[in-house]
Each structure stands twice: as structure tokens, then as C-alpha cells.
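Take a moment with the structure below. We will walk through its charged pairs, its strands and its pockets.

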Amino acid sequence: RALRGEIDLSIAALRYRNQSADRVRLRLTMTGDGEVAIEQASAILPGQTDLRFEGRLTAAGEQVDLRGNVDAVTDNLGALLAWLNLSPPGVASGRLRTLSVSSALAIGGDAVRLSQTEIRLDATQLRGSAALELGGSVGGGRPRFAVDLVLDRLNVDAYRPDLLPTDAAHFLQRALRDADAEVSMRVGRLTWRGLLVRDVAI
């Protein structure tokens, strides 16, 4: 029988890793035809991070699809990454301060896709798209990663002044050795090892 109704859930705080996600809110509308409208999914995370999602969840048999828009703004990205145990090593003090993200999100089958993505990280602006296909459980196919990004500027020296191009190449090689990758990236101004290079394309 079709399930119809609305859910409006508010939680003052959720404790995780000695900090809390505050003002958690979830508003759902079940239409009775296998679709759930996510009117609001939001929370305030550590680092003064405002996270919001709106979209739709649909189910047909075993296939479940999630589509919507995600927005996030943080005034202390370092604190958020530390809470998630994702702090990158060796980043210069005072960097990874601010982040804003706005993107369309689609999750279905074995694929996750971001499109119409706009990101501002400190002084760098990015736009583009990304997709991750996990290969599925049948056949054991290799994961596939595709990214298409345009950056107005990237100052590597400001974040990792000791980073050598060979170190970056080895890191990417290790990170992508078990996946097929297709990368397209354009940088308007790249500063690395004291050199300024314009209109870099990969």
C-alpha cells in the first residue's frame, strides 16, 4: 500500500567525535508513488559550517536514486576537516580557512555525480563537474573517476611551499592506481615553487 505523509524532525544536537552537529533538521514529504521529497536536510557542523540539501529520493524496484542540490559554507574548514579526521598533512598555518560549495548532486546505481559545481576555497574559485562510478558488484569492474574543473588561480606555495612536482605526481599515481581516471583541469594563474604560470591546461 502506498505510504503518504510528512515527517518534520528537529534535533538540537548530535554528538560525534567529542563535538556536535547542531540544529539538525529533516523535512520529508512522501507522495505515495515511490518518491520522497526532501524539503530540507540541514545542520550546523563544527567550524561554523552550514550544510543544506534539498532534493528528491525515488525508488523503483531495487533502484534508488537521489537527486538535488547541496550547499555548504564554512568559516573554519580546518576545524571541520579535523572533526572528520580528514586533515591533510603539512598545510601551512592560516590556510584552509573558508569554503563555500554549491552543486547539483545525483546518486544512483553505482555512480555519484556532481554538476554545475561552484566552489570557493580561500581565495581560489573553482567551477566544473565530477563523477565517480564504482564499477558495480557484478563483474568487479574498476572504479572510474572523471573530473572537469576550471580554477581562476592556484597558489601551491601558499599551502605546501615544500611540495615538489614529483611529490604531487607520486601522490596522484598512488591515489588513482586502482581506478581509471579522466581529468581535465584549467588554471588561470598557477603559482608553484616561486614561478607564476598562466593558462595552464591538463
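Which residue forms a salt bridge with Arg142? The partner is Asp180, and the closest N and O atoms of the two are 3.0 Å apart. A salt bridge here is a side-chain nitrogen of Lys or Arg within 4 Å of a carboxyl oxygen of Asp or Glu. Arg142 lies in the loop between β8 and β9, while Asp180 lies in strand β11, so the pair ties together parts that are 38 residues apart in sequence.

A word on the source. This is a predicted model, in which local features need pLDDT of at least 70 and side-chain atom pairs count only at pLDDT 80 or more, while totals for chains, interfaces and linings use all residues. Residues are numbered from 1 along each chain as its sequence is written, and side-chain values use heavy atoms, with hydrogens and water left out. Helices (H or I, at least four residues) and strands (E, at least two) are DSSP runs, numbered from the N terminus.

Back to the charged pairs. The whole structure holds nine salt bridges. Another one joins Arg144 to Glu182, with the closest N and O atoms 2.8 Å apart. Arg144 sits in strand β9 and Glu182 in strand β11, so this pair also ties together parts 38 residues apart in sequence. Then comes Asp148 with Arg186, whose closest N and O atoms are 3.2 Å apart. Asp148 is in strand β9 and Arg186 is in strand β11, 38 residues apart.

Are these side chains buried or exposed? Buried means under 20% relative accessible area, exposed means over 50%, and partly exposed is in between (1.4 Å probe, protein chains only). Arg142, at 43%, is partly exposed. Asp180 is partly exposed at 39%. Arg144 has 32% and is partly exposed. Glu182, at 48%, is partly exposed.

Now turn to the strands. Two strands pair if DSSP finds at least two bridges between them. Strand β3 (residues 35–45) pairs with strand β4 (residues 49–60) in the antiparallel sense, over nine bridges. Ile44 stands opposite Asp50 in β4. The two strands form a hairpin with three residues between them, and Gly47 in the turn has a positive phi of about 85°. Next, β4 runs antiparallel to strand β5 (residues 63–74), with 11 bridges joining them. Leu57 has Leu66 in β5 as its bridge partner. This hairpin leaves two residues between its strands, and Gly61 in the turn has a positive phi of about 65°.

Finally, look at the open space. On a 1 Å grid over the protein atoms alone, a pocket is an open set of points where a 1.4 Å probe fits, with protein on both sides within 12 Å along at least five of seven lines; lining residues have an atom within 4 Å of a point. A volume is the space filled by probe spheres set on the points, which are joined across faces, edges and corners. The largest pocket holds about 2,000 Å³. Its lining has 45 residues, with Leu121, Leu154, Phe171, Leu172 and Met185 nearest the centre. Helix α3 gives the most, eight residues. The second largest pocket holds about 180 Å³. Among the residues lining this second pocket are Arg95, Asp122, Tyr159 and Arg189.
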